Amino acid sequence: MIKVIAACVVGAALAGGATFVATSVATESTATAEPVNETLYNYGDR
Amino acid sequence: MGLLAGVLALGPALGPGYVLRYDMVFVPDPSLGTVLRGADGFPRAVPSDAAVAALSAVLPGDVVQSVALLAVFTVGGAGAARLVSRVLCRGGRIGALLASAAAGAAYVWNPFVAERLLLGQWAMLLGYAGLPWVVGATARLAVVRPAAGFAGLVRALLPAAVGGFSSVVLSALTAGPVALVRPRGEGAAVRRGSSRPAPRQRSEDAEAGRAPSGPAPARPPVSGVAHGLSEPVERAEPSGHAMEEAQASGVPREFSGSHGGAAPSASATGEDPGAGVARTPAASGGRWWTRAGLFALALVTVSLPWLLPALTSGADTDPSGVEAFAARSDTPFGVVGSLLLLGGVWNSGAVPPGYGEPVTATARLLLCLVSLAGWVWWSRRDRPGFGPGLSVAAVLGLLISLLGVTEPGRELLVRLISAWPGFGPLRDGQLYVAPLALVQALGLGACVWWLTGRRAAAASGSDGAGTPWRVGLAVFVVFLPVVVLPGLLWGAGGRLAPVRYPEEWLAAQEAVAADDRPGTVLVLPWSAYRGPDWSGRPVVVLDPATKLFDRRALWNDDLVVGTPDGGTVVVAGEDARAREVARVLGSDPRTGLPERLDAVTLGGLGVRYVAVSAPVDNQFWSGVEGLSVVVEGEDMTLLRVQDQHVKPDKAGIPGLEVTGGLVTVGAIIWSVARSGSSLVFQCSGPSAGPGARKEIPK
């Protein structure tokens, strides 16, 4: 049982680390251009 | 898992204040009467806004919003997890647990949820969250009495009932084929005749909507409720004595009667006047037309609050929305690939940060392919009763979502919408990948179950832990949906952040509420969407002033959608009265403001207040005779039209809508009351083992 719990912890830690890396990649590449200071706004842009 | 995913995804959005984004508008103290009185056109805000207004009477509005958003993740995650656990409960305990967690995580953490959340469509997502429950309840129609099945289905449709039109359409698409498609093994069960599954197995089959399987029991079970999907065998209900005996011996009631789960047996609830009466397949909803009829009846029942007003509204749907709201590519894999990945929303502003990057998109693609492989493997191996129907729904949904992508598909949609406005929801193509999301979630659960070494567990009779490395890998896979879509984390990178309404907004709301004279509120600028400065960071949102006041608001419900070439497509609104106001106002299309307001004209339109909900120049109203300033601030100016000019309409709450709403609420209360037993929520895990199973003595 201890081995199983340890495996769960390791799996979750790996997932956390991978999420951190993926977040870094996503953050660095993000270039959102949400509209600012416009008079009228579209419902959205395709 | 769903709760954890919800907290991780929403993060700051759960704090004090209101999250505003595109269609998601919550205001303090919304008026239930105003929602019920509604507006012209299709009742898109009913009954979601009515439910919010009712809850806001007892809870602060921002708390109501947090509960609603968190419910999407919790209900959806629990539903997908439960659906998996019902079928895989014969495997190892840890394997089934991890498989359930994986399914729950995948169902609420995917591009569909992220993009729709960023589009502010919380009500639709509520219906999405209920889909696994609806699928399960629909599958159970085949194995329980019609009344019990109907009640279970109405309960399962509760999120869709709150969500409204899109939610019910999604439920129909996802579970309709489950009701119609004949489960594999149904005919075989009929033909086999005496080859009945073992009691426990049969109970699990009934719960999971699975075709009956397993060896013939050593002795026939007492209950006839949990028989196969259409087994032509008449069975008697357990007598009251048998029930008492079973309970006295410690046998859970759910094992002594129907293993109904969310659809408890009538005998167990003590509601069934037919207890002790033999049952035929037709009586247990086993025929496909019985299932289809019950399913349609349940859908209509929960749809009455918006269905009746919609049918009598006489509103039209602008076919130009076909092009504006068609699915688009948001990954490097094109439109088809994007939809397969559950993305492809029409609005580029609703894509989570970093989603379209090749690295994360490729990882997401691999996860989707593995999940689909898992679904195929699982549906061939375990043959869940809802499997064929859900597969059909996923394919059908994908085809519908692709309609707006091709020229012939667009033409078809335009013709359909022109012929009948009820086809209008087909414009928003990406909406219909929702069944595919459920398929992928269940497929990932099956993959995790396989990964945990279920064969070894089944052979050894262990708890299914398999080797530790397998468990560790399975835990990693459980979190993979988060890993490949980190853009949803913590309010989608801060995009879902709560704000507080400025004081002048609240003062305007209070001033209008204090005036009991009738008359509408005209909202300017004449444009539906705003980018309020007070929201902390630039965010586009439907003008909250359209829902702020306790009376009818007149606002421009035209939808302007930007095109990639820099142009715009205007999708005409549905409010006929708003069109009339637009003609009279003659607003400048660049500013959304009229050149000059006229109190007599406004009063003639029934307007008593004018709310200017943006920082604009005051020259169009300053010094106008017949208008007085009630509240003036940087972001909100409230003007009152002098009483002698106002010719208000006497808008009441339509009796037809009230009647429809009462029928729906009554049906939901009845369905919940009918479930008043411990059978509603049962332990989803397996029993301690085959040897621990208890059967009711004959």
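**Cores, sheets and a pocket in a predicted model**

Biologist: How many residues does the largest nonpolar core have, and which have the most contacts inside it?

Modeller: A nonpolar core is a set of buried Ala, Val, Leu, Ile, Met, Phe, Trp, Tyr and Cys residues joined through side-chain atoms within 4.5 Å. Buried means under 20% relative accessible area, exposed over 50%, and partly exposed in between, with a 1.4 Å probe and protein chains only. The largest such core has 157 residues, and those with the most contacts inside it are Phe386(B) and Phe549(B).

Biologist: Which helix gives this core its largest share?

Modeller: Helices (H or I, at least four residues) and strands (E, at least two) are DSSP runs numbered from the N terminus. The largest share, 12 residues, comes from residues 434–451 of chain B, helix H22.

Biologist: What kind of model is this, and which pLDDT do local features need?

Modeller: Residues are numbered from 1 along each chain as its sequence is written, chains are lettered from A and ligands numbered from 1 in the order written, and side-chain values use heavy atoms, without hydrogens and water. The model is predicted: totals for chains, interfaces and linings use all residues, side-chain atom pairs count only at pLDDT 80 or more, and local features need pLDDT of at least 70.

Biologist: Why is helix H6 of chain B largely enclosed, and which residue caps its N-terminal end?

Modeller: Eight of the eight residues of H6 (111–118) are buried, so the helix is largely enclosed by the rest of the structure. Glu115(B) and Arg116(B) are among these buried residues. At the N-terminal end, a side-chain oxygen lies 3.0 Å from the backbone nitrogen of Phe112(B), and the capping residue that carries this oxygen is Asn110(B).

Biologist: In the open sheet of five strands, which residue of E11(B) stands opposite Ser628(B)?

Modeller: The order in chain B is E6-E3-E9-E11-E10. Five bridges join E10(B) to E11(B), residues 637–641, and the two run antiparallel; a hairpin of four residues links them. Four of the five residues of E11(B) are buried. Opposite Ser628(B) stands Arg640(B).

Biologist: How much space lies in the second largest pocket, and which helix gives the most to its lining?

Modeller: On a 1 Å grid over the protein atoms alone, a pocket is an open set of points where a 1.4 Å probe fits, with protein on both sides within 12 Å along at least five of seven lines, and lining residues have an atom within 4 Å of a point. Grid points are joined across faces, edges and corners, and the volume is the space filled by probe spheres set on them. Of the 43 lining residues, those closest to the centre include Leu158(B) and Ile668(B). The space is about 1200 Å³, and the helix that gives the most, with eight residues, is H31(B).

Methods. A polar contact is a pair of N or O atoms within 3.5 Å; within protein, one must be able to donate a hydrogen and the other to accept it, and residues adjacent in sequence count only if both atoms are side-chain atoms. Two strands pair if DSSP finds at least two bridges between them.
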